[in-house]
Amino acid sequence: MTTDSLAGLARKVKRIEVELSDESLMKSVGVKGKQIGNRNIQADAGGDLGLSNWRRGRPINMGVRFDTVSAQTLEIGPRPRARGAARVLSEGRKAGVSRRGRPVSASRGKGTWDRASAEMERELPDVARKHTSKVLRKNFS
């Protein structure tokens, strides 16, 4: 091997390292997880992510977000303001009285987040594998 071919190989390895970096991989997995979560919430919330009847005048955005916790850990879940509403959508609630004295009816949980989590556990490893294969194919074919 000549010095030029070694330098070329070193550049290729560096490019692969960047494309397979934790940040790039986490983003592709996170985007797919977000899509899965949003799709499940929309199915159970009546077609939108706003939960328009939850709070009058100020609907809660039930959209899913992802955050990189560490180099190998990704957290996918409802937005912080929507965590309570997501729990009610998933588990239901008992009848009672709101803080303002209004009656609150009971609701049955739909298992939204449990379904979304199970789907993510099935599909996200494939997303990571496909991302890795795509990068390797692109650089070695």
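## Basis and a first residue

D67 is partly exposed, with a relative accessible area of 28%, where partly exposed lies between buried (under 20%) and exposed (over 50%), using a 1.4 Å probe and protein chains only. The model is predicted, so that local features need pLDDT of at least 70 and side-chain atom pairs count only at pLDDT 80 or more, while totals for chains, interfaces and linings use all residues. Residues are numbered from 1 along each chain as its sequence is written, and side-chain values use heavy atoms, with hydrogens and water left out.

## Salt bridges

Seven salt bridges are found in the whole structure, each being a side-chain nitrogen of Lys or Arg within 4 Å of a carboxyl oxygen of Asp or Glu. One of them joins D67 to R65, with the closest N and O atoms 3.0 Å apart; R65 is partly exposed at 32% relative accessibility.

Another salt bridge pairs E119 with R39 at 2.2 Å, N to O, and this pair links distant parts of the chain, with E119 in helix α4 and R39 in helix α2, 80 residues apart. E119 is buried at a relative accessible area of 12%, whereas R39 is partly exposed at 40%.

## Packing of α2 and α4

Helix α2 (residues 22-44) packs with helix α4 (residues 112-140) at an angle of about 150°, their axes being 9 Å apart. That angle makes α2 roughly antiparallel to α4, a term for angles over 145 degrees.

The contact (heavy atoms within 4.5 Å) includes R39 of α2 and E119 of α4.

Note on methods
Axes are lines fitted to C-alpha atoms, for helices over the stretch in contact, and angles run from 0 to 180 degrees between N-to-C directions. Helices (H or I, at least four residues) and strands (E, at least two) are DSSP runs, numbered from the N terminus. Angles under 35 degrees count as roughly parallel, over 145 as roughly antiparallel, 65 to 115 as roughly perpendicular and the rest as oblique.
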